[in-house]
Amino acid sequence: MEKEMLTGNASAAWGVRLAEVDYVPAYPVTPQTEIIETLARWICDGLMDAKFITMDSEHSMITAAGAASATGARVFTASSSQGLLYGFEMLYTVAGWRVPLVMVNVSRGLSSPITLEPDHNDILAARDSGFLQVHCETCQEVLDSILMAYRLAEDEQVLLPVIVNLDGFYLSFTREPVEVPDLEEVRRFLPTYRPRHAFFKASQPMAQGVAVLGGLGYSYFKYQMHLACTRALEVYKDVSLEFEKTFGRKHGTYEGYMLDDAEYILVMTNSFSTLGKAAVKRARGKGVKAGLLRLRLLRPFPEMDIRNIMRGRKVVTVIDQNISIGKGGILHSEIASCLCNEEKKPLLLSFIGGLGGKNISPGEFEFMIDSMVRAVETGEVTTQKLLYTEMEWKEMERLKRIAGKG
Amino acid sequence: MERNGKTKKNSGERIKIMEAPIKSIKDLPLEENLLPGTPACAGCGGLLSLRHCLKTLGRNTVIVNAASCFTLLAIYPFTPFKNSWLYTAMACAPAGAQGIRDALDILIRKGRLDTEEDLKVVVLTGDGAAYDMGLSSTSGAIHRNLDFYYICYDNEAYGNTGFQWSGATPFASRTGTTPLGRLSKTGTTLHKKDLFEIWRSQKPPYLATILPAHPVDLANKFKKAEQFKGPKLFITFSPCPPGWGMDPSFSIKLAKLAVNTGIWPLKEAVYGDVVHTVVPKKFKPIEEYLKEQGRFRHLFKPERQEETIKKIQDMVDNYWRIYLSAFTGNKM
């Protein structure tokens, strides 16, 4: 099949078009806007049979998306960064409504200071909301993940919304060859949404989103969400298998790169994983048995998969493109929690880098891989490190002088 | 005051407006869609209004609720409504209404839902959401000409949290966050926002003020509103016995006093043109309304605050002088 050169945002829009969504409530925010502009154009041209509406905020946008989904429509929406946080209250709310909508987040660092380029504090802030999370490295993966996300969300064992994440700029505006699947094939994989659970209609009055008091109901419904989300791990495996059978591409809960015999493992997510893979390849050239684990499904967290992969390895380094102020890397904590009861657990190092889209250079990757080798030699695990090169430091000193703080 | 069968011109379109089909309380719809047994406070004026609103709106209605006292009407596994219900959050009920309205339209158009399954979409909020936090989503929905009803039950404070100041709190009212003390003997020195005028600036097809003491006026306004596609907005005066400091049995009498003193004008606006629907022949002094309520008691005891009472009376008089003469040609 022919491939087209598409940006990450255009790939997202194609995923939505092929999923034949009914409704797109939207609100512009950089770097996501290209997605909703593309959809608006297609809907305006009659290429998509859906209603597009610009709301008055992301808070309203997520509400409209959830309410439409609770009425029985297939719904898509998208946001980034400040927008995601502005709508934050409604992420938890619509997840509790158990509505199977799909949202794309185009990652961007959070204010303040206000910025445009990516890190993952925005998407990871939504970690506990009840949305499932799929994190993408490539444009193809963005398109494919949206199709898989609807299958996953609409499965009656799951019925939870899904966020598909891609990095702002590095993926949203980067063109890559993408195979756009045939619509008939997509229809076989993802049939029209016909909800059987809960939706509004005159012949069936029902109260949705009602208050609960006393903790009994609250705990019950929260546990139900958690169990449905963990159940989604099983459902995901079926969806992934069927996707592979239909389209010939495999997207697991994680992606391993040179993992088989690897002794030193880098753990990364999203587009910067490409830099990590190049570093692993270079390390292999020098005889270091390095490998990379890229987390794709972050909620539900594929804990058993990760424990199985990590068993018998020497050192694991988690590179967090996020920072939990006062604690450190968020994914470092998550990986640590699934390794802590293992009998032969690898040493675990933590680095923070790529905040606000700052590059992670080949030299820094080399430093991280060396740190792993040294940790085995000395048995000493270094404390968490914040990546910042000498050149970057000098440049920052120069900027501070201009700002009068030198 | 009535303008039976008057035609209204809007954007080149002529609509024949049916007026006042309900003549007396005996003509009110018999159906009940809000059943007794709610946890609302005794004498809740908002609840009395809501009962009448839903009688006229009918069964095939979905209520989209914003955080307010009425959020606690439906507590799992019970609901007092024969209608459908969706609780959203505080700021965004009109956005929830947008999602439901759009989804119903799309599903009906695509043949995935029968036309008979259609619902009227009704936003239900308190004044905290309507006047303050929810103003952005409300303005957005009016601007997009969303086909929905909007009912704000206005008890002039954040009632569900125990009666604190809101944008709807009237001048000189005591609330939990505008208390009386050594430095202030007035209560709030800010004036109630004019939500009717804020809405009217966007020229929705229909907006009205209502209250539970005039159910015929209320029902006729809903009957009239249903002829319009687009936003249909209602603010109901809602006596709040625990917040306002009055006996629950007094709610209806106080609502009548609010009309007869002129502090709560009953009016409507069709595409922005205002008409007052109930105008007392002779206005009672505002003092009669104020002195019945604990929230204004400081204006009379321990000493009478003549200047503040006069200021409130002047505001009421000014309203009627300006608005009534401007919109209807009536002279006081």
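Modeller: A:Thr38 counts as partly exposed because it has 19 C-beta neighbours inside 10 Å; a residue is buried with 20 or more other C-beta atoms within 10 Å of its own, exposed with 12 or fewer, and partly exposed in between, with C-beta atoms placed from the backbone. This is a predicted model, in which local features need pLDDT of at least 70 and side-chain atom pairs count only at pLDDT 80 or more, while totals for chains, interfaces and linings use all residues. Residues are numbered from 1 along each chain as its sequence is written, and chains are lettered from A and ligands numbered from 1 in the order in which they are written.

A:Thr38 sits in helix α2 (residues 33-44) of chain A; helices (H or I, at least four residues) and strands (E, at least two) are DSSP runs numbered from the N terminus. Leaving out residues up to four places away in sequence, A:Thr38 touches A:Ala10 and A:Ala13, contact meaning C-beta atoms, placed from the backbone, within 7 Å. A:Lys314 is 276 residues from A:Thr38 along the chain, and their C-alpha atoms are separated by 47 Å.

Chain A is divided into domain 1 (4-247) and domain 2 (254-393), with bounds from an automatic or database domain assignment. Their C-alpha centres lie 28 Å apart. The contact between them takes 27 residues from domain 1 and 21 residues from domain 2. On the domain 1 side, α6 (121-125), β6, β7 and α9 (216-247) of chain A each give two or more residues, and α9(A) supplies the largest share, five residues.

Two of these elements, β6 (residues 132-135) and β7 (residues 162-167) of chain A, pair in the parallel sense over four bridges; strands pair if DSSP finds at least two bridges between them. In β7(A), A:Val162 is the bridge partner of A:Leu132. Both strands belong to an open, mixed sheet of five strands in chain A, ordered β4-β5-β7-β6-β13. Its edge strands, each pairing on one side only, are β4 (76-79) and β13 (297-299) of chain A.

Turning to the partner, 37 residues of chain B are in contact with 37 residues of chain A. On the chain B side, β4 (84-87), α2 (93-109) and α4 (135-143) each supply at least two residues, and α2(B) gives the largest share, 10 residues. Strand β9 (residues 207-208) of chain A is joined to β4(B) by two bridges, and these strands run parallel. Within β4(B), B:Leu86 is the bridge partner of A:Gln208.

Methods. Contact = placed C-beta atoms within 7 Å.
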